[in-house]
Amino acid sequence: MPGAEWRPIPVNVTKGEQDEVRGVVVHIMAGTFEGTDSWFRNRVARASSHFGTSKTGRLRQWVDTADRAWAQAGGNPSWLSVENEGKGGDVLTDAQLDANARVLAWAHEKYGVPLQVTHSPSGKGLGYHAMGGSAWGGHTSCPGPRIVAQLAEIVRRAKAITGDDQDVADTYTVRSGDTLSAIGARINVSWQTLATLNKLRAPYTIRPGQVLKLKAAPKPKPSPPPYPGRAQFGPGKRNAHITRLGERLIAKGYGRFYKVGPGPSWSDADHDAVRAYQRAQGWTGSDADGLPGPETWRRLFA
């Protein structure tokens with residue numbers, strides 16, 4: 001994930017076995033940020049998480065989202081996970097709320113995770129460890145009711161990041177006595193973000209009557225390029241579609257298969273990366289043969 005500190009762990013992970021991404025599950029570490037990092041690197045732990053946050057808002061990624069983290073037992077094949085520094089009974093800090101919102105917003109854009117709270121393993125969106133009950137290890141106090149009550153705020157902040165927040169106006173007209181920090185506090189956006197949106201520089205002076213942007217314009221969602229046909233791929237094939245395919249696989253997190261390239265000539269790396277991606281969608285047999293069909297192509301470029 002862009003913006004997350006990448007600190008991969010060599011153990012306590014199942015490579016290439018994330019079947020689907022229904023949503024993001026919030027956990028509490030019952031420990032410290034660095035202590036949890038060390039624990040995940042110990043084979044004895046038999047535990048891991050895709051992401052983790054510190055109380056100061058540091059965001060770390062331990063497991064690629066194409067791989068299965070060992071975070072919530074029966075929920076592992078279908079959910080991403082975020083461990084948060086703290087102990088039972090805590091609330092997430094403001095910085096942790098922001099970090100969790102960034103993960104949810106990214107999962108929304110990358111995997112189509114809906115920006116909503118869910119209380120069921122059969123749902124989709126932002127969930128929490130306890131909702132899985134005994135099938136998810138019986139951790140009924142993780143992350144605790146006070147944090148569960150904060151999930152709606154994480155969703156709200158994620159919507160603000162993606163531009164899907166319809167509850168926040170696009171602009172605000174400055175009134176006498178207003179400051180950037182006061183305006184930001186009312187809509188839960190940092191004053192630094194407001195300054196960036198409005199191209200303000202130190203000393204960040206605003207004046208009554210000035211119209212401020214409160215959120216970025218939504219990014220247009222590009223349509224996928226037309227599927228070129230199965231005949232363009234496979235042993236002996238050489239064309240620009242293969243290069244485009246490889247570049248998209250790398251962007252989706254499957255670059256580990258490429259020692260060189262990608263390039264226009266079909267290679268074992270292309271085949272292995274496509275197959276790993278197909279298996280990550282939950283496909284098997286001929287549906288995961290390492291050759292991109294129209295649905296593989298559509299999902300890769302969605």
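A nonpolar core here is a set of buried Ala, Val, Leu, Ile, Met, Phe, Trp, Tyr and Cys residues joined through side-chain atoms within 4.5 Å; buried means under 20% relative accessible area, exposed over 50%, and partly exposed in between, with a 1.4 Å probe and protein chains only. The model is predicted: local features need pLDDT of at least 70, side-chain atom pairs count only at pLDDT 80 or more, and totals for chains, interfaces and linings use all residues. Residues are numbered from 1 along each chain as its sequence is written, and side-chain values use heavy atoms, with hydrogens and water left out.

**The cores**

Select Leu104, Leu126 and Ile154, the residues with the most contacts inside the largest nonpolar core, which has 34 residues. At least two residues of this core come from each of S3, strand S7 (79-84), helix H2 (94-111), strand S8 (125-128) and helix H4 (151-162). Helices (H or I, at least four residues) and strands (E, at least two) are DSSP runs, numbered from the N terminus. H2 gives the largest share, eight residues.

Now centre on Leu104. Leaving aside residues up to four places away in sequence, Leu104 touches Val24, Val113, Leu115, Leu126, Ile154, Val155 and Ala158; contact means heavy atoms within 4.5 Å. For a second, separate core of 17 residues, go to Leu249, Trp266, Ala276 and Leu300, which are among its members.

**The sheet**

Next, show the strands. Six of them form an open sheet in the order S1-S5-S4-S7-S3-S8, with mixed pairing; two strands pair if DSSP finds at least two bridges between them. Strand S1 (5-6) and S8 are at the edges with a single partner strand each, so one side of each has no neighbour in the sheet. Strand S4 (residues 51-53) and S7 run parallel, joined by three bridges. Select Thr53 to find Asn84 of S7 opposite.

**The second largest pocket**

Which residues lie nearest the centre of the second largest pocket? Select Ile28, Met29, Glu83, His129 and His139, from a lining of 22 residues. A pocket is an open set of points on a 1 Å grid over the protein atoms alone where a 1.4 Å probe fits, with protein on both sides within 12 Å along at least five of seven lines; lining residues have an atom within 4 Å of a point. H1 supplies the largest share of this pocket's lining, three residues.

End on Thr36, in helix H1. Thr36 counts as buried because its relative accessibility is 9%. Beyond residues up to four places away in sequence, Thr36 touches Met29, Gly31 and Trp62.
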